[in-house]
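Subject: Handover of a structure

Hello,

Here is the structure I said I would pass on. Please look through it first; my notes follow below.

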Amino acid sequence: MLKTRIIPCLDVIKNKVVKGINFKNIRVMGNAVEMAKYYSLSGADELCMLDINASYQNRKTFIKTVESIAKVINIPLTVGGGVSDLSDITDLLNAGADKVSINSAAVKNPKLIRQASLKHGSQCIVVAIDGKRHKGKMRVVIKGGREITKKELINWAKKVQSLGAGEILMTSMDTDGVQNGFDSNMLKKVTCNVSIPVIASGGVGSLEHFYLGHLTRSTGLLAASVFHSRKYKIKTVKKYLSSKGVPVRL
Amino acid sequence: MKKKVIGLIDGQSGNIGSINKAIKDIIKGRPYRLKIIKGYFNYSSFDKIILPGQGAYATLMSNLKKLKIIKPLKEYLENNSSYLGICVGMQILSDWGYEDKITRGLGVISGDIKKFRNKKLIIPHMGWNTINLNNDDTIITNSFDKKDFYFVHSYIFQNIRKSNVLAFTRYGQKFPSIVKKGNIYGVQFHPEKSHKHGLNLIKNYILKS
């Protein structure tokens, strides 16, 4: 049986893992390579790392960090943040990423999804979608939630699938960073409308939240703070999910 | 003592970084040598060949053709030499692939590569799933039975002889997750991404065959 994936997410600046609430008040949580190694050894099913300050200066160090991480883990690695064109995708895959996640660039230029999936295969193209409720509608937001686009969330999710995305990383900006649980309503709407895997992101604070995330039909559950702060070990989450009947890799 | 030569084919179909590193770690301090194959090669100068692959069947076949790898690889396989195909590297052992367009494969293990039948499934089949052994041997030992490995694919080996299926996995249906014919092995999952069990499998392949 296919297992629900537990995916720690590293928000990275250069080579440090950081955490900010709603992308503000940034705090350093630790060294990215050491944390990646720890998660790989302690039962993470996949790792996700995002360059959250992809400036020209920081980028070189970030790519080196991707290389170092790829060398010390043997689970799949998804890398995103600051991916703007095909050459960025190639650079990250060459640095050792197994999948690359595209966000704002896909919104601005949807053709990029098709080009990237034709070039590298759908299996390594993840489209990260940030969603937010605005005037009664679920909209796609970009620039870390600062810009609300005209795109309707569900239409966009269907569109990225038709363009060749292999997976959707779905973050609700309404629940991200506040640890009150995943946005079940938003996630269910997305998973019901696409047939590619969806990773739920944004809002985990308790063990039950992981279970509720599983109930949205998301096959990957992504979390950051609860792992970085050592509130829960990955094993603890998996044992809990297993006790609720959720298939996990123990 | 003469060193055994392992060939790792770079079919320009996804990253060979992880598998390259895994092999290097395993052969460190042992009488083996790793050579990356990027074009025509003399098939008799390799003791083992590993072909990892991602993406589409047709793409890998056409890359191998362009790189002039098909002919020596076929000669190598016809001699029942030791081979490990990973993901699409396994799939091209079949007669035909039905991804994108119908493509002729290497025809080593009879069968076709077709999409999962169940339309309600989440596709690709992505994540960790269990392998169930039909048989075991020196490489695929009993210790791998019921263990989880990392999969990412939308197409599966169909119309294959039961005797060529060493292990199967369930996702909407049963499908072959390890195929074998003589010294030729194919795994649908990615052992290089499958943590300790995956590394043990690669280790067994290199050291025990």
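Which residues of β10(B) are buried on one side, and which on the other? On one side they are B:Asp148, B:Tyr150 and B:Val152, and on the other B:Phe149, B:Phe151 and B:His153, so both faces of the strand are covered. A residue is called buried if 20 or more other C-beta atoms lie within 10 Å of its own, exposed if 12 or fewer do, and partly exposed in between, with C-beta atoms placed from the backbone. Six of the six residues of β10(B) are buried, so the strand is largely enclosed by the rest of the structure.

Some conventions before the rest. This is a predicted model, in which local features need pLDDT of at least 70 and side-chain atom pairs count only at pLDDT 80 or more, while totals for chains, interfaces and linings use all residues. Residues are numbered from 1 along each chain as its sequence is written, and chains are lettered from A and ligands numbered from 1 in the order in which they are written. Helices (H or I, at least four residues) and strands (E, at least two) are DSSP runs, numbered from the N terminus.

Where the chains meet

In chain B, 27 residues are in contact with 24 residues of chain A; contact means that the C-beta atoms, placed from the backbone, lie within 7 Å. On the chain B side, at least two residues each come from α1 (17-27), β8 (125-130), β10 (148-153), β12 (165-171) and α5 (195-208). The largest share, six residues, is supplied by β8(B). By type, the residues of this side of chain B are ten nonpolar, twelve polar and five charged. Here Ala, Val, Leu, Ile, Met, Phe, Trp, Tyr, Cys and Pro count as nonpolar, Asp, Glu, Lys and Arg as charged, and the others, Gly among them, as polar.

Strands of chain B

β8(B) is joined to β10(B) by six bridges, and the two run antiparallel. One of the bridges sets B:Met126 against B:Val152 of β10(B). Strands are said to pair if DSSP finds at least two bridges between them.

An open sheet of eight strands in chain B has the order β2-β1-β3-β4-β14-β13-β12-β9, with mixed pairing. β2 (32-37) and β9 (132-133) are at its edges with a single partner strand each, so one side of each has no neighbour in the sheet. The pairing of β9(B) with β12(B) is antiparallel and has two bridges, with B:Asn132 opposite B:Phe168 of β12(B).

A second open sheet in chain B has four strands in the order β6-β5-β7-β11, again with mixed pairing. Its edges are β6 (103-104) and β11 (155-158), each with a single partner strand, so one side of each is left without a neighbour in the sheet.

Hairpins in chain A

Strand β7 (residues 125-134) and strand β8 (residues 137-142) of chain A run antiparallel and are joined by five bridges. They form a hairpin with two residues between them, and A:Lys135 in the turn has a positive phi of about 50°. β8(A) also pairs in the antiparallel sense with strand β9 (residues 147-152) of chain A, over three bridges. This hairpin has four residues between its strands, and A:Lys143 in the turn has a positive phi of about 55°.

Helices of chain A

In helix α8 (residues 207-214) of chain A, the buried residues are A:His209, A:Phe210, A:Gly213 and A:His214. They fall within an arc of 145° seen down the axis (the arc is that of the directions from the helix axis to the C-beta atoms), so they line one face of α8(A). They pack against β11 (198-201), β12 (220-223) and α10 (234-243) of chain A.

Helix α2 (residues 56-72) and helix α3 (residues 86-95) of chain A have axes that come within 8 Å and cross at roughly 35°. Axes are lines fitted to C-alpha atoms, for helices over the stretch in contact, and angles run from 0 to 180 degrees between N-to-C directions. The contact is made by A:Ile63, A:Val66, A:Glu67 and A:Ala70 of α2(A) with A:Asp91, A:Leu92 and A:Ala95 of α3(A).

Regards

Notes
Two residues are in contact if their C-beta atoms, placed from the backbone, lie within 7 Å.
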